[in-house]
Amino acid sequence: MTEEKNPVVIMETSMGTVKIELFKDKAPISVRNFLSYVKDAYYDGTVFHRVIKNFMVQGGGLDESMQPKKTKFAIKNEATNGLKNVRGTLAMARTSVVDSATSQFFINVVDNAFLDHAGKTPDRFGYAVFGQVIEGMEVMDAIRDVKTTTKSGHQDVPVEPVVINSVRLAE
């Protein structure tokens, strides 16, 4: 019996192409959720609206004018899956509510152990890792270096928008 391969998506950004493997076996809910947005071309034209050089790059929910796009229902947090928030991994962004992730995700540009699951309380529950950059990490490194500002009440917003042109399932 052959092991089913993990889905791979190609993210075309205004700064280059990033290839991401999704861990369907370890984070089935997060992956199914992310792929449902991919299928709807939801991410097309969204921006990386939060870029913190020695932390992470977040996107997947706001357009260039910093307007939030309508999302689907929040999903269950899979931070207990044993995957770590290390450099190059993709995780679901959320509010302080554990099960509040919708469309937004972030890519860890450094190892962020403090985001890993450490307990059942909301402040220690962690952020669900569901994928890994397998090609194009240099693009993420270029993005993490952009100049940022405060815009529409958001901090760490790139001065020049970094646009996600598309996210598609790789053939």
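**A buried glycine**

Tutor: Glycine 126 counts as buried, at 6% relative accessibility. Buried means under 20% relative accessible area, exposed means over 50%, and partly exposed is in between, with a 1.4 Å probe and protein chains only.

Student: Before we go on, what kind of model is this?
Tutor: This is a predicted model, where local features need pLDDT of at least 70, side-chain atom pairs count only at pLDDT 80 or more, and totals for chains, interfaces and linings use all residues. Residues are numbered from 1 along each chain as its sequence is written, and side-chain values use heavy atoms, with hydrogens and water left out.

Student: Ok, back to glycine 126. Where does it lie?
Tutor: Glycine 126 lies in the loop between β6 (105-108) and β7 (129-135). Helices (H or I, at least four residues) and strands (E, at least two) are DSSP runs, numbered from the N terminus.

Student: And what does glycine 126 touch?
Tutor: Not counting residues up to four places away in sequence, glycine 126 touches Asn77, Ala79, Arg94, Leu115, Asp116 and His117. Contact means heavy atoms within 4.5 Å.

Student: How many helices and strands does the protein have?
Tutor: There are 2 helices and 10 strands. From the N terminus on, the order is β-β-α-β-β-β-β-β-α-β-β-β. The radius of gyration is 15 Å, close to the 16 Å from the globule rule for 171 residues, so the protein is as compact as a globular protein of that length. That radius is taken over C-alpha atoms, and the rule is 2.2 Å times the number of residues to the power 0.38.

Student: What share of the residues is buried?
Tutor: Buried residues make up 47% of the 171 residues. As for contacts between residues at least 6 apart in sequence, 69% join residues at least 24 apart.

Student: New topic: threonine 13. Which strand is it in?
Tutor: Threonine 13 is in strand β1, residues 8-13. Threonine 13 counts as buried, at 6% relative accessibility. Beyond residues up to four places away in sequence, threonine 13 touches Phe48, Val139, Ile143, Val163, Ile164 and Asn165.

Student: Nice. Is asparagine 108 buried or exposed?
Tutor: Asparagine 108 is buried, at 0% relative accessibility, and lies in strand β6. A 2.8 Å polar contact joins its side chain to that of asparagine 112. Leaving out residues up to four places away in sequence, the residues that asparagine 108 touches include Phe55, Asn85, Arg87 and Met137.

Student: One more: where is asparagine 81?
Tutor: Asparagine 81 sits in the loop between β4 (56-63) and β5 (89-92). With a relative accessible area of 15%, asparagine 81 is buried.

Student: Which backbone oxygen does the side chain of asparagine 81 reach?
Tutor: The side chain of asparagine 81 reaches the backbone oxygen of valine 129, at 3.1 Å. Leaving aside neighbours within four places in sequence, asparagine 81 is in contact with Lys26, Ala27 and Val129.

Terms used: A polar contact is a pair of N or O atoms within 3.5 Å; within protein, one must be able to donate a hydrogen and the other to accept it, and residues adjacent in sequence count only if both atoms are side-chain atoms.
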